[in-house]
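Biologist: Could you walk me through how to read a model like this one? I would like the general idea before each case.

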Amino acid sequence: MKVLFVANEVAPFAKVGGLADVAGSLPPALAELGVDVSVVMPLHRQCRVDDSAPALGSLEVRGPHETRLASVLLAELGGSGVPVYLIRYGPYFDRPEVYGPGGGDYPDSPQRYAFFARAALALIPALGLDPDAIHCHDWPTGLIPAFERLSPLGRPTVYTIHNLGYQGQFDLGVAPRIGIDPASEAMRLVQWRGHVNYMAAGIRSATVLSTVSERYAQEIQTPDFGEGLDGLLRGRAADLYGIVNGIDYEQWDPATDPALPDHFRRGAISGKQVCKAALQREMGLPVDPDVPLVSAITRLAWQKGLDVLAQVLPRAVKLPIQFVLLGTGEPALEDSYRLLGRQHPGEMAINIRYDERLARRIYAGSDMFVMPSRYEPCGLGQMMSMAYGTVPVVQATGGLADTVVEASTEPTGFVFYGLAADDLLFALERAVLAFRDRARWETLVARCMAQDFSWTESARKYADLYETAVARHGGRT
Ligand code: ADP
């Protein structure tokens, strides 16, 4: 099975959120199962590519009004042997942000991702790739299934929804600018409720659909979580699968992580105390092993429920806890956290930036990791924190509900239902009480570290899904 994997962010080359982690770790897991997978992404300014990366030459991308000349660089995903083709086209991708400022879009985002879709498809004949299926991710790739559906030689497509809250929805006037004739069949695929909608195009057109947890696959078929697309998704329920994300435990291992001041593993946890003291010192918080350190590493977006956390924190620090935030995003949320940091020196440390190495020190040095998400397709933060012996405190939604349990003989965290401030505070209280019981806490930490969210099983499900896509596509033609 040959698969072309198309994504806008792929770690370690460019990362905004969890999509990059998935696109960087699922392909090597697929390769281990014998899937012949190649990855395509744009060469964003933030892409860290070796100077020695071979240039594969130029790529003609035929658009609606003109042919543009891009070029292609070849890199490799870690030492996995998985090739990554980076499409270099400076006017669209050599920009300060991957998506746009403040978590939003650039004004020409529709053109950027129409171009990327065409470039990814142009790469197939240019390099003789000949994939059996194309695996597309989130709205920036939503036009690819539509283009393939309309092409006589179109290939089977798998379209994975990582976050339905970002749809690539634009005014109808965009259509001619991205080469879609308002009277065409393509328009029927991309139009949704008076807009051009890239996510809707992907959902309508792909051979099969998936999303990143079983719970979220159910949730998005309801009006509460469907973001206006639930009807469309219910119509495709027979083709929609939930496959939970994994993490790469070689990349996320506190026993070897070079970003940490000390190392630890399940059963030999003393290094975690060293990491905690170092983090407290680095963050300007009192160095005290007995105060629980609670952290959040997150995009600052409405989705993440951080407005509610901000309301709760002034009361939570009285439990007492210390709080560390690492995040960037919506300017209003950035401001409200900066203000909290100023009002609570020695209790809260607020870091408004993107910093992968600091993220690792925080996962390792914290006792608890809070994710009060309004919705969470899968969530990786809770998995990474558990791997680093940090106990998650989560709202029961999507992948968080699938991966963290409290009401169990073998709990792995603290779970609250609905985003009421008092319920979040009460969950933090339960966590703090558990922390004070040393034996109970050690058991909980060890259980978190024993959780296995590796890719093995989920990668096998994706491999099966590619077979399903090929079979259904065959049936259609
Ligand atoms: P989402 O994909 O919605 O952003 P996830 O929990 O699935 O949320 O994944 C978020 C990923 O991004 C995690 O790997 C997390 O550690 C990382 N991350 C988020 N914000 C930052 C930041 N400011 N600095 C470093 N890493 C971050």
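Predicted model: local features only at pLDDT ≥ 70, side-chain atom pairs only at ≥ 80, totals over all residues.

Biologist: Let's begin with the ligand. How many residues surround the ligand, and which are the closest?

Modeller: A shell is read by asking which residues have a heavy atom within 4 Å of the molecule. Here 22 residues surround the ligand, and the closest are Lys-15, Gly-18, Arg-299, Lys-304 and Tyr-363. By type, the shell divides into eight nonpolar, six polar and eight charged residues.

Biologist: Which side chains have an N or O atom 2.7 Å from a ligand oxygen?

Modeller: Arg-299 has a side-chain N or O atom at 2.7 Å from an oxygen of the ligand. For Tyr-363, a side-chain N or O atom is also found 2.7 Å from a ligand oxygen. The backbone takes part in the list as well: an N or O atom of Gly-381 lies 3.3 Å from an oxygen atom of the ligand.

Biologist: And how much of the ligand does the protein bury?

Modeller: On its own the ligand exposes 560 Å², and the protein buries 93% of that. Two or more residues of the shell come from each of these elements: helix H1 (18-32), strand E13 (293-300), strand E14 (322-329), helix H13 (356-365) and helix H14 (381-387).

Biologist: E14 is on that list. Which strand does E14 run parallel to?

Modeller: First the general idea: strands of a sheet pair through backbone hydrogen bonds, either parallel or antiparallel. E14 runs parallel to strand E15 (residues 348-351), and four bridges join the two.

Biologist: What does antiparallel pairing look like for E3 and E4?

Modeller: Strand E3 (residues 55-62) and strand E4 (residues 67-76) pair in the antiparallel sense over seven bridges. A hairpin with four residues joins E3 to E4, and Leu-59 stands opposite Ala-70 in E4. E4 also runs antiparallel to strand E5 (residues 83-88), joined by six bridges, with Ala-75 opposite Val-84 in E5. The hairpin of E4 and E5 has six residues between the strands, and there Gly-78 takes a positive phi near 55 degrees.

Biologist: In what order do the strands of the three-stranded open sheet come?

Modeller: The order is E8-E10-E9, with antiparallel pairing. Strand E8 (169-171) and strand E9 (191-192) are the edges, each pairing on one side only. Two bridges join E9 to strand E10 (residues 195-197), and Gln-191 stands opposite Val-196 in E10.

Biologist: Now a helix, please. Why is helix H7 described as largely enclosed by the rest of the structure?

Modeller: The idea is to count residues with under 20% relative accessible area. In helix H7 (residues 198-205), seven of the eight residues are buried, so the rest of the structure largely encloses this helix. The buried residues of H7 are Tyr-198, Met-199, Ala-200, Ala-201, Gly-202, Ile-203 and Ser-205. At the start of H7, a side-chain oxygen of Asn-197 comes within 3.0 Å of the backbone nitrogen of Met-199.

Biologist: Finally, the backbone. Which residue pairs are joined by a cis peptide bond?

Modeller: Most residues other than glycine have a negative phi, and most peptide bonds are trans. A cis bond joins Ala-11 and Pro-12, with omega about 5 degrees; Pro-12 is in the loop between strand E1 (2-6) and H1. Leu-319 and Pro-320 are likewise joined by a cis bond, with omega about 5 degrees, and Pro-320 lies in the loop between helix H11 (306-316) and E14.

Biologist: Where are Asp-130 and Arg-193 placed, and how exposed are they?

Modeller: Asp-130, not a glycine, has a positive phi of about 50 degrees. Asp-130 sits in the loop between helix H3 (109-127) and strand E6 (133-137) and is partly exposed, with a relative accessible area of 48%. Arg-193 has a positive phi near 45 degrees. Arg-193 belongs to the loop between E9 and E10 and is exposed, at a relative accessible area of 62%.

Technical notes. Residues numbered from 1 in each chain as written. Heavy atoms only, no water. Polar contact = N/O pair within 3.5 Å; in protein donor to acceptor, adjacent residues only side chain to side chain. Areas by Shrake-Rupley, 256 points an atom, 1.4 Å probe, with all protein chains shown as cover. Nonpolar A, V, L, I, M, F, W, Y, C, P; charged D, E, K, R; others polar. Pairing = 2+ DSSP bridges. Buried < 20%, exposed > 50% of the residue type's maximum accessible area, 1.4 Å probe, protein only.
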